[in-house]
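Here are a few exercises to work through with the coordinates open in your viewer. Try each task before you read its solution.

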Amino acid sequence: MIIGFRAKGGSISETAEFVNCSRAAVVKVYRAWQNGTVQNQRRGKCGAPRAIDDRGERRLRRCVRADRRATVEQLTTKMNQGATKSVSQSTIQRTLLRLGLRSRRLVRAPMLTAVHRRRRLEFARQYSSWTSTEWRQVAFSDESRFMLHRTDGRWRIRRETSERNHPATIAGTVQAGGGSIMVWGMFSWHSLGSLIIVEGTMDQYKYASVLADHVHPYMRIVFPSGCGIFQQDNARCHTAASVERMHEDFN
């Protein structure tokens, strides 16, 4: 009000009388405005105050970390327990988004025991200094199972409400998941190996047949000097006694 009244031509005395303050205050404020040092004391205070303050945000983080699978409704119930002022689910939802705590799918990863972790760390430390020349002497192999039809429901689309049954928005399913197929393969820096379809589940007898028919010929052709290293994991069919004897005989 001081700056506006003075800008309209009011004198210092008239401004002081209009605002009901001292002449010194009028001079101080108007001079600060002329020098560009006047700050808006109301800046950042517009609008209603947040229902959840910094302390409440820290509490909400603790609730999320205590139960990662808790829903917004469950988190709201926990936040309102013992609170003097309750908050709504929409407030909790907005706060979670502001804190970056979005709902996400679980990350799939192998279930490792302490022994698995220790052995993997030992393997990484043992071969961390290998050069590309040394890794070129390794032939990698493994088997894996693939679903013939995608049925995990993780596809996402955009559609209008009326397009629920539109052919382009429907994911076809088959009874019992549609089946799967298991394949085994190997490769190295020098060449790709065979890709073998495994009937049923890989066991020690099927794996022994794969070794005799595909692995041993591949190693002889790709590494004729005998310097190649065949890599496999520690699956039970790979570490069976009969399989170990085959490796010893081949070496």
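Predicted model: local features only at pLDDT ≥ 70, side-chain atom pairs only at ≥ 80, totals over all residues.

**Exercise 1. Pairing in the sheet**

Which residue is the bridge partner of Phe146 in strand 2?

Step 1. The bridge partner of Phe146 in strand 2 is Ile181. Ala139 also has a partner in strand 2, namely Ser188.

Step 2. Now take the two strands as a whole. Strand 1 covers residues 138-147 and strand 2 covers residues 180-188; they run antiparallel and are joined by 9 bridges.

Step 3. Move on to strand 3. Strand 2 and strand 3 run antiparallel too, with 5 bridges between them. One of the partners here is Leu192 in strand 3, which pairs with Phe187. A hairpin is formed by strand 2 and strand 3, with 3 residues between them.

**Exercise 2. Two partners of helix 6**

Find how helix 5 and helix 4 pack against helix 6, and classify the residues of each contact.

*Solution.* 

Step 1. Start with helix 5 (residues 72-80). Helix 5 and helix 6 have axes 9 Å apart and pack at an angle of about 105°. Angles of 65 to 115 degrees count as roughly perpendicular, so helix 5 and helix 6 are roughly perpendicular to each other.

Step 2. List the residues. Helix 5 brings Val72, Glu73, Leu75, Thr76 and Met79, which meet Gln89, Ile92, Gln93 and Leu96 in helix 6. By class, the residues of this contact of helix 5 with helix 6 are 5 nonpolar, 3 polar and 1 charged.

Step 3. Repeat for helix 4 (residues 54-66). Helix 4 and helix 6 pack at about 85° with axes 11 Å apart, and they are therefore roughly perpendicular to each other. Glu57, Leu60 and Val64 of helix 4 make the contact with Ile92, Thr95, Leu96 and Arg98 of helix 6. The contact of helix 4 with helix 6 has 4 nonpolar, 1 polar and 2 charged residues.

Step 4. Zoom in on Thr95. Thr95 lies in helix 6 (residues 89-98). Leaving out residues up to four places away in sequence, Thr95 touches Ile52, Glu57 and Leu60.

**Exercise 3. Buried or exposed?**

Is Thr95 buried or exposed?

*Solution.* 

Step 1. Thr95 has 3% relative accessibility, so Thr95 counts as buried, given that the cut-off is under 20%.

Step 2. Asn20 is found in the loop between helix 2 (12-19) and helix 3 (23-34). The phi of Asn20 is near 65°, a positive value in a residue other than glycine.

Step 3. Finish with the cysteines. With a disulfide taken as a pair of cysteine sulfur atoms within 2.5 Å, the count comes to 0 disulfides.

Methods. Residues numbered from 1 in each chain as written. Heavy atoms only, no water. Helix = DSSP H or I, 4+ residues; strand = E, 2+ residues; numbered from the N terminus. Buried < 20%, exposed > 50% of the residue type's maximum accessible area, 1.4 Å probe, protein only. Contact = heavy atoms within 4.5 Å. Pairing = 2+ DSSP bridges. Axes fitted to C-alpha atoms, helices over the stretch in contact; angles between N-to-C directions. Parallel < 35°, antiparallel > 145°, perpendicular 65-115°, else oblique. Nonpolar A, V, L, I, M, F, W, Y, C, P; charged D, E, K, R; others polar.
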